[in-house]
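Have a look along with me.

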Amino acid sequence: MLTLYSTQSSGNSYKVRLLLAKLGLAFRLVEVDIFAGEHRTPEFLAKHPEGRLPLLEFEDGTTLPESNAILFYLAEGTPLLPVDRLARAEALRWMFFEQNNHEPGIAQARFWLNQVRGGRELRTHDIDRWMEEGYGALRVMERHLQVHPFFAGEDLSVADLALFPHTHVAPEGDFDLSHFPAVQAWLARVEAAPGHVPMTWRPQEVEPCSWRLARV
Ligand SMILES: N[C@@H](CCC(=O)N[C@@H](CS)C(=O)NCC(=O)O)C(=O)O
């Protein structure tokens with residue numbers, strides 16, 4: 001069985017939980033508490049030297065980090081990864097956009113302004129840059145979604161699953177989505193698609209991380 005090392009509140013981890021749920025794949029979920037430093041323990045660093053979540057582990061112990069690489073791997077052979085060569089490249093294009101243009105502003109703002117106690121004061125000097133980058137990414141998405149229902153091809157794909165998690169919680173990072181009606185309509189379309197689960201969803205059996213604070 002696949003094991004997913006995940007942090008429930010992490011948008012990058014949610015991408016993978018969402019895809020696994022949609023595909024109906026059974027998996028073991030190990031909750032890693034980044035606020036307790038569990039991702040920087042020797043045990044986790046032995047699996048992923050960068051110490052980041054999510055991390056997918058195969059039954060033979062092989063590991064795959066990077067949320068979008070995991071999406072790409074798991075979606076192979078399913079309708080969520082386009083077969084058409086150009087649509088497939090378009091999916092990759094938007095997944096690179098998510099990492100390079102979207103996540104650095106939108107996810108960082110949410111993390112520091114909403115999730116880290118005192119983060120707003122700690123990172124005051126970054127807020128303007130996050131807003132500029134985040135709103136820039138939202139404008140690009142809005143323009144695309146004014147003429148397309150989804151990001152790659154005409155149907156829901158891994159590109160949408162890569163962009164949905166951090167976008168739907170962007171207001172937690174002070175972003176006002178009311179200026180982006182096409183983005184809001186797209187969020188509703190993604191949520192309405194079969195098999196969608198919210199960020200709070202997890203499989204019934206969740207294993208706590210066994211390295212809890214012991215060796216941080
Ligand atoms: N590019 C990576 C980013 C992974 C990442 O930064 N994950 C965050 C949680 S959303 C994390 O592990 N943060 C803890 C840290 O960087 O110390 C991906 O998409 O998987």
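This is a predicted model: local features need pLDDT of at least 70, side-chain atom pairs count only at pLDDT 80 or more; totals for chains, interfaces and linings use all residues.

**Entry 1: the ligand's place.** I looked up where the ligand sits, and the place is the largest pocket. Around the ligand I listed Ser10, Asn12, His39, Arg40, Arg52, Leu53, Pro54, Glu66, Ser67 and Gln99. I then sorted this shell by residue type and got two nonpolar, five polar and three charged residues.

Entry 2: Which atoms of His39 and the ligand lie 3.0 Å apart? I found a polar side-chain atom of His39 and an oxygen atom of the ligand. Asn12 also has a polar side-chain atom facing my search, 3.5 Å from a ligand oxygen atom. With Leu53 the backbone takes part: one of its polar backbone atoms is 2.8 Å from a nitrogen atom of the ligand. I checked the cover next: on its own the ligand has 500 Å² of accessible area, and the protein covers 81% of that.

**Entry 3: aromatic pairs.** I searched the whole structure for aromatic pairs and noted 12. How are the rings of Phe111 and Trp112 arranged, stacked or edge-to-face? Their centres are 5.4 Å apart and their planes stand at 90°, so I wrote down edge-to-face; the cut-off for that label is over 60 degrees.

Trp112 has a relative accessible area of 17%, and buried means under 20%, so Trp112 is buried. Phe111 comes out at 27%, so I put this residue down as partly exposed.

**Entry 4: another pair.** I also noted Phe151 and Trp186, an edge-to-face pair with 5.2 Å from centre to centre and 85° between the planes.

Terms used: Residues are numbered from 1 along each chain as its sequence is written. Side-chain values use heavy atoms; hydrogens and water are left out. A residue is near a molecule or strand if one of its heavy atoms lies within 4 Å of it. A polar contact is a pair of N or O atoms within 3.5 Å; within protein, one must be able to donate a hydrogen and the other to accept it, and residues adjacent in sequence count only if both atoms are side-chain atoms. Accessible areas come from the Shrake-Rupley method with a 1.4 Å probe; for residues, only the protein chains shown count as cover. On a 1 Å grid over the protein atoms alone, a cavity is a set of points where a 1.4 Å probe fits but cannot get out, and a pocket is an open set with protein on both sides within 12 Å along at least five of seven lines; lining residues have an atom within 4 Å of a point. A molecule sits in a cavity or pocket if more than half of its atoms lie within 2 Å of its grid points. Ala, Val, Leu, Ile, Met, Phe, Trp, Tyr, Cys and Pro count as nonpolar, Asp, Glu, Lys and Arg as charged, and the others, Gly among them, as polar. Rings of Phe, Tyr and Trp (its six-membered ring) pair if their centres lie within 6.5 Å; planes under 30 degrees apart count as stacked, over 60 as edge-to-face and the rest as tilted. Buried means under 20% relative accessible area, exposed over 50%, partly exposed in between (1.4 Å probe, protein chains only).
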